[in-house]
Amino acid sequence: MSSAHHRSLPAVADVWLFTTTLLLVAFGVIMVYSASSVIAAEKFGDHRYFLIRQAIYAVVGVAAMMAMMRINYRIYQKPWVVYSLLLICIGLLVGVLFAPSVNQAHRWYRWKWLSFQPAEAAKLVLIVFVAYYLSKRLPHDTVLFSRTVAPCAGVAAVLIGLVVIEPDLGMAVALGCILVTALFVAGVPWRHLLWLAVAALPALYYLLFRVSWRLERLLVFLDPWRDPQGRGFQTIQSMTAIGSGGVWGAGLAQGKQKLFYLPEPHTDFVFAHIGEELGMIGLTMLVGAYTIVLWRGIRAALRAPDSFGMLLGVCITVALVGQALFNMSVTLGLAPVKGLPLPLVSYGGSSLVLTLAQIGILLNIAQASGGTRVA
């Protein structure tokens, strides 16, 4: 194969990451159909309802990934791009507060069967901003609280505050984790991170312990059987599904918990559904796939030719894999129930398309990683 032809195929910049991503997406489409066919037939009269939509989201998402893979990631370092994305995102987060509520929350823009969750976009926008801002401060200004932590925390606080109002505390915490990850990787002194944590504690205490339904959720997390037919139902059914799958599982499409026992088997609890049908073997392979994403994402970031690429790559990778770990923890009863999807696998357009777009950025960083690292 000629070198010119090789350069025309940016997808091979990281075959491991590219292939693993496509396999996860394809696997997600299959498992969404397996988990949702009965529910779709009952609610919409078409057992392919969620399958068709997830397949469309997958095609759009892969197209977005391919497009982002061909765009030089340094374009996101241009001030007009960074601040335009930030202003648009804030506008969307404000606007969604006036959109019709779903389950007493204002999180989605909806038009017919299409929906968009701006909080998902907020993760990428915050990653771009902190990578842009901190890369300009490396390596000397990171010791100055007023020039690193304060500006980044201020922007993050605006995004987090708007997401909390929706309300969506889980996504708000995810945004906070992105901020801390970026500051840590940039080499901000530990005392600054400690001050940031102390400043956030009062708000976190109020949101967790002074809001009655969140406090009840925490108590049920500690003991799901205190309310087995109410708030503890999801956790109990999730662990039942995984436990009943054993080592080898009941077989694809043979699960029973999806028959109106396990809530949201195709979205937030798809990991439990996979455990029931494909057993510990299937879950282990799935965890292995996310491990490959973590390995290749961090590898690309650490080999990036500049600080911006390094920060951008690390934050994208940690946000994606961290969300996967949290989703798995929820289904295993190791974390309070919170509606964060399993990246690339759960049903949902906003999450799937935006996650694939971020992986496209990672692949572009990997393509540029052959150069010499510069500050």
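Reader: How do helix H2 (residues 15-44) and H11 pack, and at what angle?

Author: In this predicted model, the angle is about 160° and the axes lie 10 Å apart.

Reader: Why are H2 and H11 called roughly antiparallel?

Author: The cut-off is an angle over 145 degrees. H2 and H11 pack at about 160°. They are therefore roughly antiparallel to each other. The crossing of H2 past H11 is left-handed.

Reader: Which residues make the contact?

Author: H2 supplies Trp16, Leu17, Thr20, Leu24, Phe27, Met31, Ser34 and Ala35. The H11 side includes Val270, His273, Glu277, Leu278, Tyr290, Trp295 and Arg296. By class, the contact of H2 with H11 has 15 nonpolar, 3 polar and 2 charged residues.

Reader: What makes H11 short of a straight helix?

Author: H11 (residues 270-302) has 33 residues. At 1.5 Å a residue, a straight helix would reach 48 Å. The end C-alpha atoms of H11 are only 32 Å apart. H11 also has a kink of about 125°, centred on Leu278. Leu278 is one of the H11 residues in contact with H2.

Reader: Why are H5 and H12 roughly antiparallel too?

Author: Apply the cut-off of over 145 degrees again. The axes of H5 (residues 118-137) and H12 (residues 307-331) cross at roughly 150°. H5 and H12 are therefore roughly antiparallel. Their axes come within 8 Å, and their crossing is right-handed.

Reader: Which residues of H5 meet H12?

Author: Lys123, Ile127, Val128, Ala131, Tyr132, Leu134 and Ser135. Their partners in H12 include Phe308, Leu312, Cys315 and Gln323. The contact of H5 with H12 divides into 11 nonpolar, 3 polar and 1 charged residues.

How values were computed
Residues are numbered from 1 along each chain as its sequence is written. This is a predicted model: local features need pLDDT of at least 70, side-chain atom pairs count only at pLDDT 80 or more; totals for chains, interfaces and linings use all residues. Side-chain values use heavy atoms; hydrogens and water are left out. Axes are lines fitted to C-alpha atoms, for helices over the stretch in contact, and angles run from 0 to 180 degrees between N-to-C directions. Helices (H or I, at least four residues) and strands (E, at least two) are DSSP runs, numbered from the N terminus. Angles under 35 degrees count as roughly parallel, over 145 as roughly antiparallel, 65 to 115 as roughly perpendicular and the rest as oblique. A crossing is left-handed if the near helix is turned anticlockwise from the far one by less than a right angle, and right-handed if clockwise. Contact means heavy atoms within 4.5 Å. Ala, Val, Leu, Ile, Met, Phe, Trp, Tyr, Cys and Pro count as nonpolar, Asp, Glu, Lys and Arg as charged, and the others, Gly among them, as polar. The expected span of a helix is 1.5 Å times one less than its number of residues. The bend at a residue is the angle between axes fitted to the seven residues ending there and the seven starting there.
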